[in-house]
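Hi,

Here is the structure I promised to pass on.

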Amino acid sequence: MSTAETAPDWKTLTAQSAIPFRCTKNHIHHTWAKTHYTRPELYLQPESVKEIQHIVNTARQCRKKIITVGSGHCPSDITIPKMPKDTWIVNLDKFSRVVGYSDDTVDAYGEKELLITVQAGIRLHQLAAALAKKGWNMPNLGSIWDQSIAGAIATATHGSSMLHGLLSESIKKLTIMLSDGKSYDCSKDHNQELFEAALVNLGALGIVTYVTFAAVPQYRISWQQEIWNLPRVLEAWEGDLWTKNEYARVWWFPYSEKMIVWRADKVGLKEVYDERTGGVKEEWGQEVTEPPYSWCGTTMGYHVYQLMLYVAQWFPRLTLYVERFVFKTQYGWEEGVIGTAVEAGEKALLLNCLFSQYVNEWAIPLECGPPAISRLHSWLMGAPYEVHGIPVDNKDIYVHAPIEVRVTNSSYKHVSDTPSGRRALLDTSNPEGPSLYLNATLYRPYLSRGNVEMRRRYYKAFEWLMRQYNGRPHWGKNFLVGNGGEVELGCKDEGEKELLGGGEAWDEMYGGNIRRWRAIRGKADPEGVFKSEWLERTVLSNEGKTTEGSMDGNEESSTVLVEDSEALEFIPFVEVE
């Protein structure tokens, strides 16, 4: 019997309830990069926990799928349903208030904890603004802050620092509503298995509703960027390239054979003698200064660069000259310091993403960086197979720059000392030490698809190389491995699919952790309300070696229900004025 014959109609169910059901029909949802579009049956924007609960219960009864979305910054089809008429998209932009603040507890080291609890739809820039009102900041940030806090958690968002890991390491506690319509509090001490699964949840466990986030005292960031050549970066790899400063990232421009090395440290308030009062006052260690001129940040630079990339699609070899021209215009050519600045808070960590783009990012152990970069550079520059050993044709390959090079530390040892206290089961980074993230970006000037065959070869070569170094793809990006590329680029034949890796690749990359995650997911969502087509095609692929729901012999769940979803057992907070 079909679903339509057995499931009740959502209109009938919602008409019988006094709880608002804020839905829109004919809404077109798309990713930020406009790489994918969809028109779900319903687009919903709840404003309270009761409204979210109403949506979840109604979807379950009507046998509908739910996909939760925020800013749509993931360029893949992770939020794009294959059967949109059976799917409801839930956006939490109207569920984004600050619930409260707390600074009356201490951590394991006796340091005061600065905690803020927010509704999960809050965007990161809104969170930063709320923290600034208290004189607090986020300890770390990725390249953008348009994401919702729930979205940043879902896909393993990270910054670039050896002293920080995923953004989710700052999550002290979260609350998630599962497909049964009930809310569960999770932390390192409560519902531990659900917490470890939810810290990178892919939107597949339920809807995260509340997040308690650990902040730090307000700071400024003093940064410096330099032009280095590629050999110098590789030679400094084992030195202090990544450890000299709290934050460090590199932008690699292959055709210029140069890299921009950006490093920064926090600047805090310090106590000084106040001559006027004879007492002590606080002042900043450094004053704010403007960042250097950016040609790409100007209207002319933005449009000229995009136009040149667009033309180069028909004359691919022009890409080489375009990228060299843009590098020289933006940064100059001579090695050395090319810019410094002191900026307020997290703003300095942001990056101008410029145009719509495809993004393929992988994490590998940090020590594998020099050989991986050297081999990829040789492949991109047209060297023979004997030099790079990558079994993908590199004839007439022309790609965009920069390739972003970032680091994190989400090892078990590091994470145990963070507010979360737990490493996410689906953390993409190296569990035993620092990680290197390589980000291969291809722009889409004027939303064009570009050279699809070239993109296929580039990403196939890139991913094959990353897997040689025990790499894992960023969950929110345009990866091909594990059946991820069937929508993005397709697989021409079985040989290509074998090279990339099918569903079994996830078990090879994550081992017992992904089997555990599948089991927790199966218990959290037994009726498949949050099981999207993307999830079934990739992480839950039938080609996987384990069955979703298997608990590896442990049938007991530590999940504990929060009885009253409107009276959650939060740490005491100061009321929001």
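**What turned up**

Pro 402 sits in the loop between helix H11 (385–388) and strand E20 (403–408). (Helices, H or I of at least four residues, and strands, E of at least two, are DSSP runs numbered from the N terminus.) The peptide bond leading from Ala 401 into Pro 402 is cis, with omega near 5°.

Before the rest, some housekeeping. This is a predicted model, with local features needing pLDDT of at least 70 and side-chain atom pairs counting only at pLDDT 80 or more, while totals for chains, interfaces and linings use all residues. Residues are numbered from 1 along each chain as its sequence is written, and side-chain values use heavy atoms, with hydrogens and water left out.

**The overall picture**

The protein has 18 helices and 23 strands. Of its 577 residues, 59% are buried. Buried here means under 20% relative accessible area, exposed means over 50%, and partly exposed is in between (1.4 Å probe, protein chains only). Among contacts with a separation of 6 or more, 73% are between residues 24 or more positions apart; a contact means heavy atoms within 4.5 Å.

Most residues other than glycine have a negative phi, and most peptide bonds are trans. Besides the cis bond from Ala 401 to Pro 402, two residues are worth a click. Lys 34 is not a glycine, yet has a positive phi of about 55°. You will find Lys 34 in the loop between E2 and E3, partly exposed at a relative accessible area of 34%. Glu 257, also not a glycine, has a positive phi of about 55°. Glu 257 belongs to the loop between strand E14 (247–253) and strand E15 (258–267), and is partly exposed with a relative accessible area of 43%.

Thr 31 is in the loop between strand E2 (29–30) and strand E3 (37–38). Is Thr 31 buried or exposed? Thr 31 is buried, because its relative accessible area is 0%. The side chain of Thr 31 makes a polar contact of 2.8 Å with the side chain of Thr 35. (A polar contact is a pair of N or O atoms within 3.5 Å; within protein, one must be able to donate a hydrogen and the other to accept it, and residues adjacent in sequence count only if both atoms are side-chain atoms.) Not counting residues up to four places away in sequence, Thr 31 touches His 36, Gly 72, Cys 74, Pro 75 and Ser 76.

Ser 187 is in the loop between strand E11 (183–186) and helix H6 (192–198). With a relative accessible area of 11%, Ser 187 is buried. Leaving aside neighbours within four places in sequence, Ser 187 contacts Lys 172, Lys 173, Gln 192 and Phe 195.

Ile 55 is part of helix H3 (residues 49–62) and counts as buried at 3% relative accessibility. Which residues is Ile 55 in contact with, leaving aside its neighbours within four places in sequence? They are Phe 21, Leu 44, Pro 46, Ile 66, Trp 88 and Val 90. The C-alpha atoms of Ile 55 and Gly 181 are 8.6 Å apart, although 126 residues separate the two along the chain.

**Two helix pairs**

Two packed helices are described by the angle between their axes and the distance between the axes. Axes are lines fitted to C-alpha atoms, for helices over the stretch in contact, and angles run from 0 to 180 degrees between N-to-C directions.

- Helix H10 (residues 369–380) packs with helix H13 (residues 452–468) at an angle of about 155°, with axes 11 Å apart. H10 and H13 are therefore roughly antiparallel (angles over 145 degrees; under 35 is roughly parallel, 65 to 115 roughly perpendicular and the rest oblique). By class, their contact has 10 nonpolar, no polar and 2 charged residues. (Ala, Val, Leu, Ile, Met, Phe, Trp, Tyr, Cys and Pro count as nonpolar, Asp, Glu, Lys and Arg as charged, and the others, Gly among them, as polar.)
- Helix H8 (residues 299–312) and helix H9 (residues 318–331) have axes that come within 9 Å and cross at roughly 165°, so H8 and H9 are roughly antiparallel to each other. The contact of H8 with H9 has 9 nonpolar, 1 polar and 1 charged residues.

Cheers
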